[in-house]
Amino acid sequence: MEITAIHEFTVKIIHEAGERIRQSLSEKLEIETKANANDLVTNIDRETELFFIEQIHAYDPAFKILGEEGMGEPLESLDGVVWIIDPIDGTMNFIRQHRNFAISIGIYVDGIGKLGYIYDVMRNDLYYAVEGQGAYMNDRQLERLQSLPLHEAIIGINATWVTPNRYIDHNKIIDLVHHVRGTRSYGSATLEIASVVCGRMDAYMSMRLSPWDIAGGAVIANEVGAIVSNLGNEAINLEEQDTFIIANPKIHKTIIEQYVHLK
Ligand code: 2AM
Ligand code: CA
Ligand code: CA
Ligand code: CA
């Protein structure tokens, strides 16, 4: 597989898709719900995924594609070259805020992450990595993450973590929130992951993410020394939904060992 050629091709189609999405903001969106009333999808999520599938299959029909909106063939395994795509991550932000959403792509070969992309569409910022060749935000190479104490950390969590919930003991999370320097919640998992790999935030966790939310980010994380796992400290699984954390190494260990008590 010609990694450099695929990388150049991917950057090109991400920028084209981003331009189409920006154009769509001046048109009326068709909005539907999926699993629940707050789980939204638009015609642009689907059209963007279809655009990627058409472009990728024109490039090489053997590439397999897993996309959130299910516009491709069902994926039977991670064997071969698999593109894992979230056409719009942060659909609610896309609809309501017209910002704070991203395109994310991870390209895996036999289950190993080779190329990862998170594109902040409205800021025109591309975060990416090629396995073994470092990670970048646009032209700037990202540095390996520096260690810092938990009381200086900014962590990404949303408000449901400090309310009673079925996944974790929320009282320990209240302790965590009191202990850290600050918390943030952006409403786009991939942009929160991008914040961690850049060192703007030191951890991000979610109670339920899907493969397309984390596939691109995990490749970038490896290149800067960020740790990704589920909240049980097991390797991420690209075939099903799971809990998720990405963090600076020491912060990852402290949060998992001292603050996350899974039910
Ligand atoms: P999405 O916008 O692509 O659906 C905010 O809730 C973050 O969690 C977004 O990155 C969103 O991705 C993701 N997410 C994952 N599963 C979700 C679900 N079932 N409902 C809403 N958001 C979900
Ligand atoms: Ca969605
Ligand atoms: Ca998503
Ligand atoms: Ca999405």
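Q: What makes the length of helix H2 (residues 43-59) close to the expected one?
A: Helix H2 has 17 residues and spans 24 Å from its first C-alpha to its last. The expected span is 1.5 Å times one less than the number of residues, and for H2 this is 24 Å. Helices (H or I, at least four residues) and strands (E, at least two) are DSSP runs, numbered from the N terminus.

The model is predicted: local features need pLDDT of at least 70 and side-chain atom pairs pLDDT 80 or more, while totals for chains, interfaces and linings use all residues. Residues are numbered from 1 along each chain as its sequence is written, and chains are lettered from A and ligands numbered from 1 in the order in which they are written.

Q: Which residues of H2 are called buried?
A: They are Ile44, Asp45, Thr48, Glu49, Phe52, Ile53 and Ile56.

Q: What covers the buried residues of H2?
A: The cover includes helices H1 (3-24) and H3 (91-96), together with strands S2 (40-42), S3 (64-67) and S4.

Q: Why is strand S6 (residues 112-120) described as mostly covered?
A: Of the 9 residues in S6, 7 are buried.

Q: How do you know that strand S5 (residues 102-109) pairs with S6?
A: Pairing requires that DSSP finds at least two bridges between the strands. S5 and S6 are joined by 8 bridges and run antiparallel, so they count as a pair. One bridge sets Tyr108 against Gly113 in S6. In the hairpin of these strands, with 2 residues between them, Asp110 has a positive phi near 50°.

Q: How many bridges pair S6 with strand S7 (residues 125-130)?
A: There are 6, in the antiparallel sense. Leu115 faces Val130 in S7. The hairpin of S6 and S7 has 4 residues between the strands, and Asn124 there takes a positive phi near 55°.

Q: What makes S3 and strand S9 (140-141) the edge strands?
A: The open sheet has 7 strands in the order S3-S4-S5-S6-S7-S8-S9, with mixed pairing. S3 and S9 each pair on one side only. Further in, S4 and S5 pair antiparallel over 7 bridges, and Asp89 has Ala102 in S5 as its bridge partner.

Q: Into which domains is the protein divided?
A: Domain 1 covers 3-141 and domain 2 covers 150-259; such bounds come from an automatic or database domain assignment. The C-alpha centres of the two domains lie 21 Å apart.

Q: How many residues surround ligand 1, and which are the closest?
A: The shell has 14 residues, the closest being Asp39, Asp89, Thr91, Ser188 and Ala189. A residue is near a molecule or strand if its C-beta atom, placed from the backbone, lies within 6 Å of it. By class, the shell holds 3 nonpolar, 5 polar and 6 charged residues. Domain 1 and domain 2 each supply at least three shell residues, while strands S4 (81-89) and S12 (203-209) each supply at least two.

Conventions: Ala, Val, Leu, Ile, Met, Phe, Trp, Tyr, Cys and Pro count as nonpolar, Asp, Glu, Lys and Arg as charged, and the others, Gly among them, as polar. A residue is buried if 20 or more other C-beta atoms lie within 10 Å of its own, exposed if 12 or fewer, and partly exposed in between; C-beta atoms are placed from the backbone. Two residues are in contact if their C-beta atoms, placed from the backbone, lie within 7 Å.
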